[in-house]
Amino acid sequence: MRTRSGRGAARDRAIVETDSAVDGSRGAEGPVAGRWLVLGRDGRLTAYARTRTGLLRWTERRPGGPDWQGPDVIPVAGLTHVYAAQGADAYVHFVGRRQVRKGDGPPAVDVVHAIQYQTGRPVTEWRSLGNPHKDREKAARFGVPAAAVSASGTVYVFVRNAGRGVMLRRELPGGTWGGWTDLKGSQAQEPVVVVDHSSGHVEAMVPGPNLIMRWAQEEPDGDVRQQPDIPVTVAPGSAVALETAPGRTTYYWTDPTTGGIAGHRPGGWVYPLGGAPGEGVLAALRAPIDGYDCTVLAHRDVDGQVMLAAFGTENEQAGLWWSATGEGCVGAPALACDAFGRVVLGMIGADGGLHIARQTVESGLRLAPSQRA
């Protein structure tokens with residue numbers, strides 16, 4: 001992995017300190033977008049959520065839990081949206097949409113970026129990545145960012161623009177950033193869905209009217225080029241992408257026609273997967289279960305309860321069964337594996353706190369009752 005002089009310099013600049021004295025019961029308004037439950041290089045899990053003044057962060061006290069510390073407050077002014085992405089180096093990157101009121105005119109909107117290099121450590125200062133629109137009216141309609149981190153550590157930021165196409169800004173060697181690139185597209189819905197492949201390729205998709213638009217790389221850290229559209233209808237804000245084989249992505253989303261979940265790999269069929277999800281993005285994870293490579297899906301149903309299913313990776317056609325966890329949450333649930341390979345379900349409760357349900361040692365995917373962190 002190449003050395004990043006820009007990142008080394010970022011470590012030495014001013015950082016935003018955290019404040020552990022927050023009362024967690026005042027708590028989170030909901031999870032951040034993207035990967036909001038992540039495993040650090042030291043084997044500890046970290047969870048991130050939104051609050052009116054910035055971010056909340058909970059950190060496992062030791063690998064595998066069950067005790068947590070936090071929430072720490074990471075104050076950030078003006079953020080309307082935050083997305084978290086993690087690279088192969090375990091660094092956690094945050095990209096946010098910042099909106100600042102200026103007089104009676106439209107607000108000033110830009111995209112900002114910050115990094116957490118190590119579990120439990122402070123976050124760097126938030127650096128502006130700007131806004132490609134010079135006109136203030138258009139700039140105010142700039143969308144919410146999503147980010148992917150390639151195997152080399154290169155960060156890619158995708159945003160829907162004011163004309164409802166898709167823009168990309170990517171990091172360059174040395175930690176500098178290139179300019180905004182117009183990837184085209186039309187009538188794009190938010191948010192952009194991204195996946196970073198273990199091969200080093202980055203892929204992005206965004207639903208439009210009765211189709212999915214896609215962009216991908218032919219080589220690691222190469223040009224991001226538009227791919228053939230997929231003619232399907234996706235409920236806004238429901239889609240997630242998961243690498244299910246080297247260089248191969250499976251998309252999962254809510255079908256607004258049937259009300260159930262569907263899955264698709266480019267070049268294949270669309271698989272109906274059942275379920276009755278409410279609004280919000282699905283959670284997807286590859287994890288070994290009883291020695292088999294499995295995909296685990298979770299969604300919040302219309303009553304706010306979290307539903308869970310597991311099946312052999314890329315074997316959706318064999319069928320799957322949704323199980324009620326007995327747990328409720330606000331916003332999307334999260335899935336991750338802990339230091340011992342156990343599946344962990346993360347949820348932000350109606351009380352504003354973090355709730356964690358962890359796989360038991362029994363066979364199959366059985367979760368113990370959740371505990372508040």
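**Strands, cores and a pocket**

Modeller: Strand 5 and strand 6 make a hairpin, with two residues between them. Strands here are DSSP runs of E at least two residues long, numbered from the N terminus, and two strands pair if DSSP finds at least two bridges between them.

Colleague: Before we go on, what kind of model is this?

Modeller: This is a predicted model, where local features need pLDDT of at least 70 and side-chain atom pairs count only at pLDDT 80 or more, while totals for chains, interfaces and linings use all residues. Residues are numbered from 1 along each chain as its sequence is written, and side-chain values use heavy atoms, with hydrogens and water left out.

Colleague: Thanks! How many bridges join strand 5 to strand 6?

Modeller: Six, and the two strands run antiparallel, strand 5 covering residues 45-51. Ala47, for instance, has Trp58 of strand 6 as its bridge partner.

Colleague: And how is strand 6 joined to strand 7?

Modeller: Strand 6 is antiparallel to strand 7 (residues 68-75), and six bridges join them. Glu60 stands opposite Trp68 of strand 7.

Colleague: Is strand 6 mostly covered or uncovered?

Modeller: Mostly covered: seven of its seven residues, 54-60, are buried, meaning under 20% relative accessible area with a 1.4 Å probe, protein chains only.

Colleague: New topic. Which residues have the most contacts inside the largest nonpolar core?

Modeller: Val157, Phe158, Val166 and Val194, in a core of 31 residues. A nonpolar core is a set of buried Ala, Val, Leu, Ile, Met, Phe, Trp, Tyr and Cys residues joined through side-chain atoms within 4.5 Å.

Colleague: Which strand gives the most to this core?

Modeller: Strand 14, with five residues.

Colleague: What is Val157 in contact with?

Modeller: Leaving aside neighbours within four places in sequence, its contacts include Val95, Val111, Leu129, Trp177 and Trp180. Contact means heavy atoms within 4.5 Å.

Colleague: Last one: what is the volume of the second largest pocket?

Modeller: About 270 Å³, taken as the space filled by probe spheres set on grid points joined across faces, edges and corners. A pocket is an open set of points on a 1 Å grid over the protein atoms alone where a 1.4 Å probe fits, with protein on both sides within 12 Å along at least five of seven lines; lining residues have an atom within 4 Å of a point.

Colleague: Which residues lie nearest its centre?

Modeller: Leu308, Ser323, Leu365, Arg366 and Leu367, out of 15 lining residues. Strand 28 gives the most to that lining, with four residues.

How values were computed: Buried means under 20% relative accessible area, exposed over 50%, partly exposed in between (1.4 Å probe, protein chains only).
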